[in-house]
Amino acid sequence: MSDVIDVHTHYVPAGWPDLGPGQPWLRVESERQAMIMVGETEFRAIDSACWDASARLADMAADGVRAQVVSPTPLFFGYDLSGAEAVKVCRIFNDLALDICAPDRERFIPFAQVPLQDPDAACRELDRCLDAGHAGVEIGNHVGDQDLDAEGVVTFLQHAASRGAPVFVHPWDMPTSPRLDRWMARWLTGMPAETHLSVLAMILGGVFDRVPGSLRICFAHGGGSFAFWLGRLENAWHRRPDLIATSQLPPSAYLGRFSVDSVVFDPVALRTLVDTLGADHVMLGSDYPYPLGERPVGQVLRKADFLSAAEREAIAGGNALRWVGRVAADQRVCP
């Protein structure tokens, strides 16, 4: 595959100013190892691939990756803070992201974060970041109890569309319960469920009816379980219109309005995405550099023998070039 572009990678800076009590901080273990802390609780062990461009480039060379979209780690969104405090956090991390990506701006494509709980501030921060060199924005799939159909989020998405900024939706802050504390179940079941719910909010909440078709939006982790259960959603929309037919059109009518990444780890699941959404709306992703991500990057795509050569090239990088705005949006990559 040529021109492989990984649309789902994350960064963590090597350090940042004190964000206040109970907020994330970094406990440095060595030059290459660190622990993300939340208060006094260990959250995740990380290594220098999170912040060191040379380490990332070495891994990219090993996996045959031409470029990465480099997005925030959702832990740092700060949606639980006041709007003013969240603005400070976003500015800190967005500026550090540009520093991390500075060694090779052709191969590292920075995405910003915004204080989504304050729509006006989120729009201003997106503008600042786009002007500074960010290519797009990553948002969480909800803000507290508000899904993506909340009025403020819709306002932000309309603004992103007006600026031509691609949006990457990543699940975060999954529900907790004793049943989900085993086996990393919050990540294994909660993340797919949260992503599925965010796609439903865009459809049934009428967001796609209100935002322009020019909005380029992608959902992480293959869109969760959405592609597998589209038939159930479509059936419910027609059979219980009193509760579910809250969008102008049936759910299947919106399939061309969004993309998903390929982080599904199995060719059978990838085929479901392609069969449901079309090869033009699936982009290679890995969740690099975290341990539950795909390595080598693109191995499932390489195993997907049901794809044509044009479809494989589109998923590997052609679709991403259109999504991030490096190829005209109306230029199709595969038939």
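This is a predicted model: local features need pLDDT of at least 70, side-chain atom pairs count only at pLDDT 80 or more; totals for chains, interfaces and linings use all residues.
Local features need pLDDT of at least 70 and side-chain atom pairs count only at pLDDT 80 or more, while totals for chains, interfaces and linings use all residues. Residues are numbered from 1 along each chain as its sequence is written, and side-chain values use heavy atoms, with hydrogens and water left out.

**View 1. A nonpolar surface patch.** W183, M184, L188 and L292 make a nonpolar patch of about 470 Å². L188 lies in helix α5, residues 185-204 (a DSSP run of H or I, at least four residues, numbered from the N terminus). L188 is exposed (over 50%), because its relative accessible area is 55%.

**View 2. The kinked helix α7.** Helix α7 covers residues 226-239. A kink of about 30 degrees is centred on R232, the bend being the angle between axes fitted to the seven residues ending there and the seven starting there. Its buried residues (under 20% relative accessible area) are F226, A227, L230, L233, E234 and W237. They pack against α5 and α8 (267-277).

**View 3. Q68 in strand β5.** Q68 belongs to β5, residues 67-72 (a strand is a DSSP run of E, at least two residues). Q68 is buried, with a relative accessible area of 2%. Beyond its neighbours within four places in sequence, Q68 is in contact (heavy atoms within 4.5 Å) with residues including D6, R56, F108 and Y288.

Methods: Patches are made of residues with over 30% relative accessible area and no salt bridge: like charges are joined within 9 Å, nonpolar side chains (Val, Leu, Ile, Met, Phe, Trp, Tyr) within 5 Å. Accessible areas come from the Shrake-Rupley method with a 1.4 Å probe; for residues, only the protein chains shown count as cover. A salt bridge is a side-chain nitrogen of Lys or Arg within 4 Å of a carboxyl oxygen of Asp or Glu. Buried means under 20% relative accessible area, exposed over 50%, partly exposed in between (1.4 Å probe, protein chains only). The expected span of a helix is 1.5 Å times one less than its number of residues.
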